[in-house]
Amino acid sequence: MDLSRCRCRLWRELVLLASLLARGILQASGQIYISPDSLTGLKGFRTILILENATEDAQEYSWHRGTNGTADNFIVSYNPPSHSWQTGPMYSGRENVTKMGDLTIRRSALNDTGNYTVRVDTGNGTQTATGWLEVQAYRLRTAPDIWANASSLVEDMDSVAAICYTKATNVKWYVDYVQVSSNDRMTISPDLKTLVIHRVSRYDRTLHCAIESIPEILQRSEIISLTVNYGPDSVWLSTSPDIFKGVLSAKIGSQVTMECSATSKPSPRYQWIHNGSLLSFSEASVTLPSLTLEQTGRYRCVVGNPVTQLTMYREFQIQQQPQHIPAVNKGFYISGAKVVWLIVFTVLGGIYVCGILIYALVSHFSTRCLNGLSGRAQVELICHG
């Protein structure tokens, strides 16, 4: 029994060696072949037998179990023109052919070990290739442990160092679930087991490491959550009535609302200062229900982060809105009927004035004529009318 196992193992190694030696020749000749790198599988994981040098105009890819492509050992095929798949007697429900002609085997088992043959119909002929798949039982390494020297930090001020405890040599680091490498903000040690972030960012929310004992299979450490405090970045101010050029104009007795907001972690603290005096308000929003003259003046909203020790503020002026004095219309308006009467009286008045002037002129010249006559002539003139 042991002798037969040795012969079987020797045969597999010879087949693999032959495949490796023929790989370069097949690539140069354009002949299809199964990539030797894909001829090793792990129990319980997906195995992909990669087809190389296949033409793009292939009419059909068919995979068979064994060293020949007969109907009895047919597993599954894919027909590119019709985008259809067909299964055969050796199909177990775990196999499939990709659109590139590769054979995938889900949840590989030890009895999947053996020869596999692929047939490619190019329309002008058929090419075949055979490869030996070795499925092995593999015990994964223990997942790595991780440690960090801090978990509560201040953005752009603090640094954090993490160590991945594992015997593996292919360690990968992830910040906020994204794989990272050494850059101007972080450094990974030459043995890959230490990560230092020199200036933490608000987006550095998690840390973890992982090892890749098997290609494409990661064993991850536990997740370390980071609390990165930041801000306030800036202060936004909204008021009612609105501010114009730093001045809020409002009527005495009217309601005035003022609100500050800022981006910060943890939530910021608020202070309000009026004409240099600290007010008792500690909320982001302040309402003056009925503005008084004493409440006008300069206001300052101060926003502070107790952890980062950063403080920012916004200032504005509240002034009494000037009273509106209605403009006096010095012109006048006359209705149509009054215009008619005005014209009539104007005409009559003109006639009357003209009459007086004519009468005065006549009287004046008459008096001069009488003065030039003798007394007897004046009497005669008067008598004769």
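**Exercise 1. Find the handedness of the link between C164 and C209.**

Start with the sulfur atoms: C164 and C209 form a disulfide, S to S 2.1 Å, where a disulfide is a pair of cysteine sulfur atoms within 2.5 Å. Next, look along the S-S bond: the angle about this bond is 75 degrees, and the link is right-handed. Then trace where the partners sit. C164 lies in strand β14 (residues 160-165) and C209 in strand β19 (residues 206-214), so the bond ties distant parts of the chain, 45 residues apart. Strands (E, at least two residues) and helices (H or I, at least four) are DSSP runs, numbered from the N terminus.

A word on the model itself: it is predicted, so local features need pLDDT of at least 70 and side-chain atom pairs count only at pLDDT 80 or more, while totals for chains, interfaces and linings use all residues. Residues are numbered from 1 along each chain as its sequence is written, and side-chain values use heavy atoms, with hydrogens and water left out.

**Exercise 2. Decide whether C164 and C209 are buried or exposed.**

Take the cut-offs: buried means under 20% relative accessible area, exposed over 50%, and partly exposed in between (1.4 Å probe, protein chains only). C164 has a relative accessibility of 1%, so C164 is buried. C209, at 0%, is buried too.

**Exercise 3. Work out how the bonded cysteines pair up.**

The count comes to 2 disulfides. Besides the link already treated, C260 is joined to C301 (S to S 2.0 Å). This pair also connects distant parts of the chain: C260 is in strand β25 (residues 256-262), C301 is in strand β29 (residues 297-304), and 41 residues separate them. C260 is buried at 1%, and C301 is buried at 0%. Number the bonded cysteines in sequence order, and the pairing reads 1-2, 3-4.

**Exercise 4. Describe strand β20 and how it meets β19.**

Now turn to β19: 3 bridges join it to β20, and the two run antiparallel; strands pair if DSSP finds at least two bridges between them. Finally, find the residue opposite Q219 in β20: I211.
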